[in-house]
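The following exercises concern interfaces between protein chains. Each task is followed by a solution in steps.

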6 protein chains.
Amino acid sequence: MKTSITRRVTFSAGHRLYNSAFDDAKNRRIFGDCANPNGHGHNYILEVTVTGEIDPETGMVINLKDMKRIITEQVIAKVDHKNLNLDVDFMQGVIPTTENVAHQIWEILDRAFGEGLLENIVLHESENNRVKITR
Amino acid sequence: MKTSITRRVTFSAGHRLYNSAFDDAKNRRIFGDCANPNGHGHNYILEVTVTGEIDPETGMVINLKDMKRIITEQVIAKVDHKNLNLDVDFMQGVIPTTENVAHQIWEILDRAFGEGLLENIVLHESENNRVKITR
Amino acid sequence: MKTSITRRVTFSAGHRLYNSAFDDAKNRRIFGDCANPNGHGHNYILEVTVTGEIDPETGMVINLKDMKRIITEQVIAKVDHKNLNLDVDFMQGVIPTTENVAHQIWEILDRAFGEGLLENIVLHESENNRVKITR
Amino acid sequence: MKTSITRRVTFSAGHRLYNSAFDDAKNRRIFGDCANPNGHGHNYILEVTVTGEIDPETGMVINLKDMKRIITEQVIAKVDHKNLNLDVDFMQGVIPTTENVAHQIWEILDRAFGEGLLENIVLHESENNRVKITR
Amino acid sequence: MKTSITRRVTFSAGHRLYNSAFDDAKNRRIFGDCANPNGHGHNYILEVTVTGEIDPETGMVINLKDMKRIITEQVIAKVDHKNLNLDVDFMQGVIPTTENVAHQIWEILDRAFGEGLLENIVLHESENNRVKITR
Amino acid sequence: MKTSITRRVTFSAGHRLYNSAFDDAKNRRIFGDCANPNGHGHNYILEVTVTGEIDPETGMVINLKDMKRIITEQVIAKVDHKNLNLDVDFMQGVIPTTENVAHQIWEILDRAFGEGLLENIVLHESENNRVKITR
């Protein structure tokens with residue numbers, strides 16, 4: 001039996017999808033409206049799941065207060081109300097598709113939680129699209 | 001008794017809140033993180049409500065296909081995957097707060113539906129904030 | 001100041017939209033895919049709102065148990081897991097658009113609650129379409 | 001045309017419904033399971049709607065930061081993770097039905113916002129039950 | 001680490017649950033209200049999840065436009081606003097329980113995506129019932 | 001290929017988080033507002049997932065009516081509109097964190113369904129926090 005706990009947070013960010021190695025026509029063909037030069041944005045939902053044993057003294061796998069603090073400091077403070085292409089250090093040189101944003105967030109949170117605690121993250125870009133990273 | 005029908009649509013857009021008549025400090029004080037120079041964005045939800053008599057031949061106040069076509073052509077095509085400050089003709093010179101975006105959309109849809117059909121619109125900027133315009 | 005209380009219930013039903021006075025082409029033109037001869041269906045959500053004074057002895061406008069019983073007996077028992085065109089007495093001779101279904105439900109609930117208690121009902125046909133009847 | 005802006009917040013609280021003037025049987029008959037002596041609880045959702053003119057300098061009816069601060073200080077700080085019967089000053093001597101909780105919150109917020117700004121509040125006790133207070 | 005991307009789509013369809021090898025009483029006992037001869041229907045939600053490597057040139061596991069096109073052409077066009085028992089080729093001779101509909105959709109999408117890309121699909125029949133097929 | 005079916009149910013309950021082996025300050029430090037002596041409460045959502053083969057005669061992994069009956073009798077009847085600390089036999093001596101409540105529910109349902117049918121359960125304490133138990 002495995003126990004995991006999930007914390008859901010939200011952030012709003014802008015982005016533009018394009019590859020500078022492609023010309024405009026190819027960017028438009030691959031990224032569609034997401035290649036719009038002035039960008040657009042989303043209300044992202046991030047779900048972070050940690051797995052572990054339940055501490056019998058607290059009844060917790062991890063204290064949600066700690067979980068919330070780590071996610072806020074390491075991720076939300078850097079992306080909320082920001083432009084993912086221009087304002088976010090960990091997105092420099094990376095096309096901000098949902099897949100890539102999720103991967104960068106995984107790397108940050110996996111280091112921050114340590115000890116292989118992080119089991120998966122899910123990043124929703126809209127009510128119809130989401131990406132999951134699983135260890 | 002009054003009958004109204006509501007169509008819900010979504011669009012994703014970027015924006016930045018600032019007033020060029022304010023200095024940076026005042027923009028930051030009033031608009032907070034929303035004044036970030038490189039902008040951010042949202043998944044907006046737009047709910048459009050029309051009121052009228054039910055046509056006994058069709059059982060409809062208005063054909064949803066017509067309602068959808070009008071909203072798509074007049075609003076969604078102009079704002080979806082766009083930057084509200086830079087790309088949208090009807091937002092030029094207007095601070096893109098939810099209130100102002102909703103007002104501009106009301107003006108467009110009120111003209112498009114005509115005859116006082118439009119009863120209200122609701123524009124959700126996030127799961128926690130929304131604006132309603134009522135005739 | 002006005003106080004209203006809303007109860008949300010769900011039901012699943014089948015229907016087909018067509019007017020027997022129209023030929024097939026006109027039915028298809030007006031009702032689109034909803035005219036499919038073998039029908040289709042929806043998970044409907046019905047929200048019923050009653051307005052009144054708060055009884056100081058109970059702290060209630062109306063007891064939710066009574067509200068639930070009335071809605072279940074008068075509406076849900078007749079439409080849930082039914083075909084609105086063929087199985088439902090109060091829909092005979094009525095095109096089962098969301099507008100018309102809502103109107104018939106309004107008439108039933110207005111009689112059942114009595115004394116002008118019913119303020120409005122909202123019937124959702126899908127996450128994108130809904131109809132509201134207001135006194 | 002009327003413009004209103006809505007802020008949605010959540011809180012979790014415990015409560016028990018009973019009237020000390022009733023005997024146990026009557027409390028159970030009227031309040032059902034909600035009369036359980038040790039109480040139970042809910043994740044409440046509170047939606048607060050303010051109406052006004054849009055300030056042309058800010059594009060806002062009211063600054064959402066101010067709206068959030070008032071709601072948090074005046075309501076959420078007093079009810080979140082509390083027992084509505086035992087811990088909340090403004091609920092003393094009041095049966096904590098959704099109607100009554102909503103009325104008390106209305107009184108507090110109407111004073112706090114002032115000038116008739118408050119248009120309505122909606123308090124959701126569960127996904128199926130909610131109460132609306134309208135000026 | 002594994003990356004998966006999910007696309008959510010909706011369709012509305014009618015169905016009736018019964019096994020022609022059973023008599024009416026047995027159909028009613030097993031399928032309950034779902035055995036109603038004239039059928040009923042649902043707003044189905046289909047979530048399709050594909051797993052793979054992120055293409056460094058596009059930042060994508062698969063282009064969502066392709067994913068959407070495949071799901072629309074192969075599934076939605078065949079079931080939306082249809083009667084699952086009578087109108088859908090791939091449901092002939094199959095009782096349209098959520099399990100069976102999901103299995104048929106899995107077979108179609110697994111062939112369409114190819115190369116073992118499809119990881120799972122989830123089919124929601126209502127807000128309370130859903131089925132998941134996992135490779 | 002694996003097929004699983006999920007049933008979603010809800011219940012409302014009160015609780016207080018504290019460990020009687022800790023003093024008040026430590027309880028407050030670890031459990032925060034959840035240590036409030038008079039408790040608070042939540043609308044819990046419980047999702048129960050069962051895995052198995054589809055019976056070709058019924059098209060079902062398990063009859064949802066049986067699934068609903070087991071969950072209602074074994075869990076919901078014991079926790080809905082109850083205080084988890086004081087009223088629930090299977091929570092005696094257990095700190096009612098979401099992790100612990102989920103574990104106790106898992107033990108009950110695993111015995112009730114038998115034969116290793118239960119695959120996982122998810123218990124949501126709020127829209128932002130949930131726990132999953134997987135076999």
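**Exercise 1.** How many residue pairs are in polar contact across the interface of chain F and chain D, both at pLDDT 80 or more?

*Solution.* The model is predicted, with local features needing pLDDT of at least 70, side-chain atom pairs counting only at pLDDT 80 or more, and totals for chains, interfaces and linings using all residues. Residues are numbered from 1 along each chain as its sequence is written, chains are lettered from A and ligands numbered from 1 in the order in which they are written, and side-chain values use heavy atoms, without hydrogens and water.

Step 1. Apply the criterion: a pair of N or O atoms within 3.5 Å, where within protein one must be able to donate a hydrogen and the other to accept it, and residues adjacent in sequence count only if both atoms are side-chain atoms.

Step 2. The rule finds 21 such residue pairs between chain F and chain D.

Step 3. Among the elements giving two or more residues to this side of chain F are β1 (2–15) and β2 (40–51); strands are DSSP runs of E, at least two residues, numbered from the N terminus.

Step 4. β1(F) gives the most, with five residues.

**Exercise 2.** Which residue of chain F forms a salt bridge with Glu127(D)?

Step 1. The partner is Arg8(F), with the closest N and O atoms 2.7 Å apart.

Step 2. The count between chain F and chain D is two salt bridges.

**Exercise 3.** State how many residues each chain gives to the contact of chain B and chain A.

*Solution.* With heavy atoms within 4.5 Å as the criterion, chain B gives 22 residues and chain A gives 22 residues.

Methods: A salt bridge is a side-chain nitrogen of Lys or Arg within 4 Å of a carboxyl oxygen of Asp or Glu. Helices (H or I, at least four residues) and strands (E, at least two) are DSSP runs, numbered from the N terminus.
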